[in-house]
Amino acid sequence: SHSVLVGFTAGAGILIALGQVNTLLGISIQNSAAMSTVQKMHYIILHIGETNKYALGLGILTMAIIVICKKISKNLPGALIGIVVPIFFIIAFSLEQKGVKLTGDMPSSLPPFQMVQFSFDGVRAIMSGALAISIIGLVEAISISKSLATNSHQNIDSNREFIGQGLSNLVGSFFQCLPASGSFSRSAICYTNGGVTRFTGILSGVFVAVILLFFAPYAKYIPNPCLAGVLIITGYNLVDKKEI
């Protein structure tokens with residue numbers, strides 16, 4: 001039902017935002033991937049004194065830029081501007097040496113083509129895992145698309161999504177890619193920044209490839225707190241207060 005999708009989207013938005021609080025504050029958490037959101041928040045509260053003021057400042061700067069750009073014009077890429085501007089502060093004041101975490105070195109090449117080794121034993125060994133990953137990936141993608149469709153009012157064709165995701169993973173297997181599915185955070189960032197057609201995903205892939213090939217040495221200066229700021233704003237925008 002519509003109300004369930006509204007609640008699902010709001011819950012996802014809250015989880016996305018809360019999951020970035022420690023990065024925004026510059027608080028490192030060991031084995032954070034194995035911790036629930038509640039456990040992370042409890043850890044943050046106990047270690048709030050370890051907050052890195054430079055990381056927090058950069059994150060707030062990014063969030064402020066996004067909000068201001070949105071008020072000026074919906075066509076302004078607030079998220080992109082909010083990521084690029086803090087890079088100048090990183091370089092000018094050497095904030096990396098003051099504890100601000102950066103994305104770090106990135107590969108400057110695309111994964112090469114490599115023929116998949118087919119064998120009956122290999123298929124039998126991974127079949128159960130592959131089936132589980134496929135089902136979870138498809139359910140996740142449909143849940144995300146239906147949630148965003150409550151705002152965009154687009155019609156979702158699940159069959160075409162299944163075919164598209166299957167073909168993309170089939171081709172990706174020849175380039176050593178991990179199994180791919182939808183991402184709520186990426187999809188939400190895309191939608192809130194004006195992406196409304198399937199061509200958005202194609203352009204996103206092209207731009208990522210261009211950055212890897214030509215701008216990887218510069219991309220390493222992107223501050224993690226600023227990425228956290230983008231995701232927190234995105235999570236907040238997923239909560240449809242009027243519909244709730």
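I take contact to mean heavy atoms within 4.5 Å. The model I am reading is predicted.

**Entry: Val100.** I looked up which residues Val100 touches, leaving out those up to four places away in sequence. The list holds Asn52, Tyr54, Ala55 and Leu58. It also holds Ile90, Leu95, Pro223 and Pro225.

**Entry: the cores.** Next I looked up the largest nonpolar core. It has 16 residues. Which members touch the most other members? They are Leu58, Ile90 and Val100. I then checked which elements give two or more residues to this core, and found helix H4 (53-72), helix H5 (78-93) and helix H10 (224-238). H10 gives the most, with five residues. There is also a second, separate core of eight residues. Among its members are Ala12, Ile144, Leu148 and Phe184.

**Entry: the fold.** How many helices and strands does the protein have? I noted 10 helices and zero strands. I looked up the overall size next. Along its principal axes, the C-alpha trace spans about 55 × 45 × 40 Å.

Entry: I took the contacts with a separation of 6 or more, and 78% of them join residues 24 or more positions apart. Buried residues make up 27% of the 244.

**Entry: surface and charge.** The protein exposes about 15700 Å². Carbon and sulfur atoms supply 67% of that area. Last, I looked up the charged side chains: 15 are positive and 9 are negative. The centres of the two sets lie 8 Å apart.

Conventions: Residues are numbered from 1 along each chain as its sequence is written. This is a predicted model: local features need pLDDT of at least 70, side-chain atom pairs count only at pLDDT 80 or more; totals for chains, interfaces and linings use all residues. Side-chain values use heavy atoms; hydrogens and water are left out. A nonpolar core is a set of buried Ala, Val, Leu, Ile, Met, Phe, Trp, Tyr and Cys residues joined through side-chain atoms within 4.5 Å. Buried means under 20% relative accessible area, exposed over 50%, partly exposed in between (1.4 Å probe, protein chains only). Helices (H or I, at least four residues) and strands (E, at least two) are DSSP runs, numbered from the N terminus. Accessible areas come from the Shrake-Rupley method with a 1.4 Å probe; for residues, only the protein chains shown count as cover. Lys and Arg count as positive and Asp and Glu as negative; His and the chain ends are not counted. The place of a charge is taken as NZ of Lys, CZ of Arg, CG of Asp or CD of Glu.
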